[in-house]
Amino acid sequence: MALCHKMKRILIMNIVKHQYKFTQALRKRPVTNEIILHCAATPEGMDFSTDAIHRAHLARQFAGIGYNYVIYRDGSIHEGRPVWAAGAHCTGHNSNSIGVCYIGGVASDAKTPKDTRTPEQKNALFELVAALMENHDVPINHVRAHYEFAYKACPSFKIETFRAELKQWKQGNK
């Protein structure tokens, strides 16, 4: 008798791991049915690190960095909070979602929302989100934008456009 099971896609991209100290024990996320996209709201062309986000979130009285993944301007993917942990990135959705943030999201004036993703960030975002969707059985209409849940422009691009681009990217990468 053959065993049948659905094989999960293995994340084959390089993910930079960090060992952050959190101020309290992290809770295991009981279910994953959404992926929520964010921007760091940093000015166009400015580098920013997960270490800086961790410090900023600690200053806001979070247990530490609230995003599960952060994509740098060079396209490198960095782990923030462990992927199994409930995040601190979207009120009311932290216990059921993975938070993915890209560095950037505002114009050089540091105020005006702008899609500042580099080509490397766009590709890394497609690759990461596609793998997370497959690994956690998240349908494309459950890939969401932070602005859908909060009065913010975050992630500074339209989620409908991202979903269409992701579908095209997946077709070209089969």
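## Helix 2

In this predicted model, the 18 residues of helix 2 (residues 119-136) should span 26 Å at 1.5 Å a residue, and the end C-alpha atoms are 26 Å apart, so the two values agree; the expected span is 1.5 Å times one less than the number of residues. Helices (H or I, at least four residues) and strands (E, at least two) are DSSP runs numbered from the N terminus. Just after helix 2, Asp137 takes a positive phi of about 55 degrees.

## Salt bridges

The count comes to 6 salt bridges, each defined as a side-chain nitrogen of Lys or Arg within 4 Å of a carboxyl oxygen of Asp or Glu. One of them joins Lys17 to Glu79, with the closest N and O atoms 3.5 Å apart; Lys17 is in the loop between strand 1 (15-16) and strand 2, and Glu79 is in strand 5, 62 residues apart. Lys17 is exposed, with a relative accessible area of 55%, whereas Glu79 is buried, at 11%.

Glu34, Arg144 and Glu148 are linked in a network of salt bridges. The side chains of Glu34 and Arg144 meet at 3.4 Å, N to O; Glu34 lies in strand 2 and Arg144 in strand 8, so this pair ties together parts that are 110 residues apart in sequence. Arg144 also forms a salt bridge with Glu148, the closest N and O atoms being 3.2 Å apart. Glu34 is buried, with a relative accessible area of 6%, and Glu148 is partly exposed, with 29%.

## The largest pocket

The largest pocket is lined by 24 residues, of which Arg60, Tyr67, His89, His146 and Lys152 lie nearest its centre. Strand 2 (34-39) and strand 7 (105-106) are the elements that give two or more residues to this lining. A pocket here is an open set of points on a 1 Å grid over the protein atoms alone, where a 1.4 Å probe fits, with protein on both sides within 12 Å along at least five of seven lines, and lining residues have an atom within 4 Å of a point.

## Basis of the values

Residues are numbered from 1 along each chain as its sequence is written, and side-chain values use heavy atoms, with hydrogens and water left out. Because the model is predicted, local features need pLDDT of at least 70 and side-chain atom pairs count only at pLDDT 80 or more, while totals for chains, interfaces and linings use all residues.

How values were computed: Buried < 20%, exposed > 50% of the residue type's maximum accessible area, 1.4 Å probe, protein only.
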